[in-house]
Amino acid sequence: MKKTVADSGKLTVIQHPVVARDLTILRNKETDTAHFRMAMGRIATILAYTALKDLPLRQVQITTPVTETTGFEIDTEIIIVPILRAGLSLVNALLDFIPDASVGHLGMYRDETTHEPVEYYSNLPQNMEDAIVLLVDPMLATGGSAEDAIRILKQKGALTIRFISLICAPEGVNHIMKNNPDVSIITASLDEKLNEDAYIVPGLGDAGDRYFGTL
Ligand code: PRP
Ligand code: URA
């Protein structure tokens, strides 16, 4: 059964002073790996909070040390799917909120010349139909990687997909909204544009290299 998709096709750009401060740390080319990871972790928590805020609930009866009362459990399966490598930077914040979520993995890199995504790994859980699938990647540039990932998830049966991204280019957002209008996007920033190398401007450079210290 398809769960709530009240925000289907919506773009949510988070406005928050901590996000504005931490985006500045991430964008600054002088920021070292440790401070980059810490800033990414803090924003990932706010992205996760935002992406999860309308999860369906079911009522449960519990007994406190004092009395019986009504409580709540989350009424959907959650599957987190990072696009390797950089998507791994957003996974732990989601698992902090939903520790029993399944985690699938999609390995993709952009060809440096064509900027087209190249898929090199896929390991996804079964039974995606009933779950809310959180596809995570900090950078939405041309949208090619996200579009391929969404196609793979839909082929595996996913019906409800949310794309969680740190920074989006307008080109990538338009690409996803045109071809997958059912997918909602949650991001910390909608940047200006892509440059001639299909890097996001102002962006933060190569997210994977900066997060994993492989510059
Ligand atoms: C980056 C990023 C996205 C992709 C976005 O991955 O993490 O997956 O580029 O670009 P697109 O929207 O134009 O497809 P990258 O190829 O740098 O691989 P990495 O995560 O392994 O560093
Ligand atoms: N991938 C990145 O890591 N950064 C960009 O600006 C574009 C794609």
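Good morning. I shall begin with His115, which lies in the loop between β6 and β7 (117-123). The structure before you is a predicted model. In this model His115 has a positive phi of about 65°, although His115 is not a glycine. Is His115 buried or exposed? Its relative accessibility is 18%, and because buried means under 20%, His115 counts as buried.

I turn next to the peptide bonds. Most peptide bonds are trans. A cis peptide bond, however, joins Leu84 and Arg85, with omega about -5°. Arg85 is found in the loop between β4 (77-84) and α3 (91-97). Another cis bond joins Val201 and Pro202, with omega about 0°; Pro202 belongs to the loop between β13 (200-201) and α6 (207-212).

Finally, the ligand. Ligand 1 takes up the space of the largest pocket, and 16 residues surround it, the closest being Arg110, Asp137, Thr142, Gly143 and Ser145. Which element supplies the largest share of this shell? That is β6, with three residues.

Oxygen atoms of ligand 1 take part in several polar contacts. An N or O atom in the side chain of Arg110 is 2.8 Å from a ligand oxygen. From the backbone, a polar atom of Ala141 lies at 2.9 Å, and an N or O atom of Ala86 at 3.0 Å. Taken alone, ligand 1 exposes 500 Å², of which the protein buries 91%. Thank you.

Key: Residues are numbered from 1 along each chain as its sequence is written. Chains are lettered from A and ligands numbered from 1 in the order in which they are written. This is a predicted model: local features need pLDDT of at least 70, side-chain atom pairs count only at pLDDT 80 or more; totals for chains, interfaces and linings use all residues. Side-chain values use heavy atoms; hydrogens and water are left out. A residue is near a molecule or strand if one of its heavy atoms lies within 4 Å of it. A polar contact is a pair of N or O atoms within 3.5 Å; within protein, one must be able to donate a hydrogen and the other to accept it, and residues adjacent in sequence count only if both atoms are side-chain atoms. Accessible areas come from the Shrake-Rupley method with a 1.4 Å probe; for residues, only the protein chains shown count as cover. On a 1 Å grid over the protein atoms alone, a cavity is a set of points where a 1.4 Å probe fits but cannot get out, and a pocket is an open set with protein on both sides within 12 Å along at least five of seven lines; lining residues have an atom within 4 Å of a point. A molecule sits in a cavity or pocket if more than half of its atoms lie within 2 Å of its grid points. Helices (H or I, at least four residues) and strands (E, at least two) are DSSP runs, numbered from the N terminus. Buried means under 20% relative accessible area, exposed over 50%, partly exposed in between (1.4 Å probe, protein chains only).
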